[in-house]
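Work through these exercises with the structure open beside you. Try each task before reading its solution.

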Amino acid sequence: MELTSKDEAMIRLLLSCYLLMMCWSTATQAAEPMLVRYNLSIQFVDPKQSYYIDLLRLAMEKSRSQYGDYQLEPVTMEMPQGRTIKLVEQQQLDVVWTMTSKAREQTLSAIYFPLLKGLMGHRIAIVRTEDKQKFADINSVEQLKRLIVGQGTDWPDSDILQQQGFTLVRGAAKNLIAMLNKARFDYFLRALHEPWDEVVGHPELIVDESFMVTYPSPIYFFVNRDNALLAERIEHGLRAALVDGSFDDLFYHHAITADMLQRANLPNRRVFKLDNPLLSDSSKNLLSERSLWFD
């Protein structure tokens, strides 16, 4: 059937309308902010989580001009680390921050940027006040290994220490202070910025002043392996923040880290250096980038 000029005009009009609708739809989708869901604890509030949320926001802001707007959405559920990782794997959360391990890097996509400059591997002890002199007399890792350390059930730290001959008692993170009080173990290793708030209200506990255990242990943001765009965006934002100084500014002046060096008094501590057998080759390759690490 031969089309009349009127039919051809109508077809051209319909085609133009269709193309306009497609362009409008594409533009609308592009304008929609990138949704980033993360876990937020409200029952057992950990003041340290504010650092990672602030850092995630900084990374998204530093990448806004290239990747567009974003929306951070907290998901308030109480869960251990392992459960949070599982929900990112199942795409019910978009991002999690956690200490790395080979297994975690195989399960999720790691953004290879140490969020705390490796600070989680600089560990000092909470001990019972009555044991202060016992720890002041320790001069070697071998002596330390004769005592029992408490650590979290699913923390990579637990595996790092156990594989190097430490005797551990594991427990839920929220119970470890009480377990130390009940002498279930001798000391509780915490990252350099962590123990100070945890001994408040516990006069029977103190932060040991005599030693520090160190090993390479970066905390990364992790996303689902299929979410390459979010991984790319977060890494771009973190790298941009490192270059312009805003990352170091946040790290050294955030409420959880601001006075840690003065409190820790590192020059007066004996330092016991350990390996990290859980570190992947990709993580080991970052160790040469000194600007990424706390020294």
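**Exercise 1. Does Gln91 count as buried, partly exposed or exposed, and what is its relative accessibility?**

Start with the ground rules. This is a predicted model, in which local features need pLDDT of at least 70, side-chain atom pairs count only at pLDDT 80 or more, and totals for chains, interfaces and linings use all residues. Residues are numbered from 1 along each chain as its sequence is written, and side-chain values use heavy atoms, with hydrogens and water left out.

Step 1. Set the cut-offs. Buried means under 20% relative accessible area, exposed means over 50%, and partly exposed lies in between (1.4 Å probe, protein chains only).

Step 2. Apply them. Gln91 counts as partly exposed because its relative accessibility is 46%.

Step 3. Gln91 sits in the loop between α4 (81–89) and β3 (95–99). Helices (H or I, at least four residues) and strands (E, at least two) are DSSP runs, numbered from the N terminus.

Step 4. Check the backbone. Most residues other than glycine have a negative phi. Gln91 is not a glycine, yet its phi is positive, about 65°.

**Exercise 2. Find the loop that holds Lys117, and decide whether this residue is buried or exposed.**

Step 1. Look between β4 (109–111) and β5 (122–128): the loop there holds Lys117.

Step 2. Read the accessibility. At 3%, Lys117 counts as buried.

Step 3. Check phi. Lys117 has a positive value near 55°, and it is a residue other than glycine.

**Exercise 3. Describe the protein as a whole.**

Step 1. Count the elements. The protein has 14 helices and 12 strands.

Step 2. Take the burial. Of its 295 residues, 48% count as buried.

Step 3. Take the surface. The accessible surface comes to about 15100 Å², and 53% of that belongs to carbon and sulfur atoms. The areas come from the Shrake-Rupley method with a 1.4 Å probe; for residues, only the protein chains shown count as cover.

Step 4. Look at contacts (heavy atoms within 4.5 Å). Among contacts in the protein with a separation of 6 or more, 78% are between residues 24 or more positions apart.

**Exercise 4. Which residues touch the most other members of the largest nonpolar core?**

Step 1. Define the core. A nonpolar core is a set of buried Ala, Val, Leu, Ile, Met, Phe, Trp, Tyr and Cys residues joined through side-chain atoms within 4.5 Å.

Step 2. Name the residues. Tyr187, Phe221 and Ile234 touch the most other members of this 89-residue core. Helix α2 (residues 49–62) gives the largest share, 8 residues.

Step 3. Follow Tyr187. Beyond four places in sequence, its contacts include Ala125, Phe135, Leu144, Phe166 and Phe211.

Step 4. Turn to Ala125. This residue is in strand β5. At 0% relative accessibility, Ala125 counts as buried. Its contacts beyond four places in sequence include Tyr187, Phe188, Ile206 and Asp208. Ala125 and Ser210 are 85 residues apart in sequence but 9.1 Å apart in space, C-alpha to C-alpha.

**Exercise 5. How do α2 and α11 pack, and which residues make the contact?**

Step 1. Recall the description. Two packed helices are described by the angle between their axes and the distance between the axes. Axes are lines fitted to C-alpha atoms, for helices over the stretch in contact, and angles run from 0 to 180 degrees between N-to-C directions.

Step 2. Read the values. The angle between α2 and α11 is about 90°, and their axes are 7 Å apart. That makes α2 roughly perpendicular to α11, a class that covers 65 to 115 degrees (under 35 is roughly parallel, over 145 roughly antiparallel, the rest oblique).

Step 3. List the contact. Among the residues involved are Leu55, Leu58 and Met60 of α2, and Leu230, Ile234 and Ala241 of α11.

Step 4. Check burial. The buried residues of α11 include Arg233, Ile234, Gly237 and Leu238. In α2, Tyr51, Tyr52 and Leu56 are among the buried ones.

**Exercise 6. At what angle do α11 and α12 pack?**

Step 1. Helix α11 (residues 228–244) and helix α12 (residues 246–253) pack at about 85°, with axes 5 Å apart. They are therefore roughly perpendicular.

Step 2. Ala241, Leu242 and Asp244 of α11 meet Ser246, Phe247 and Asp248 of α12.
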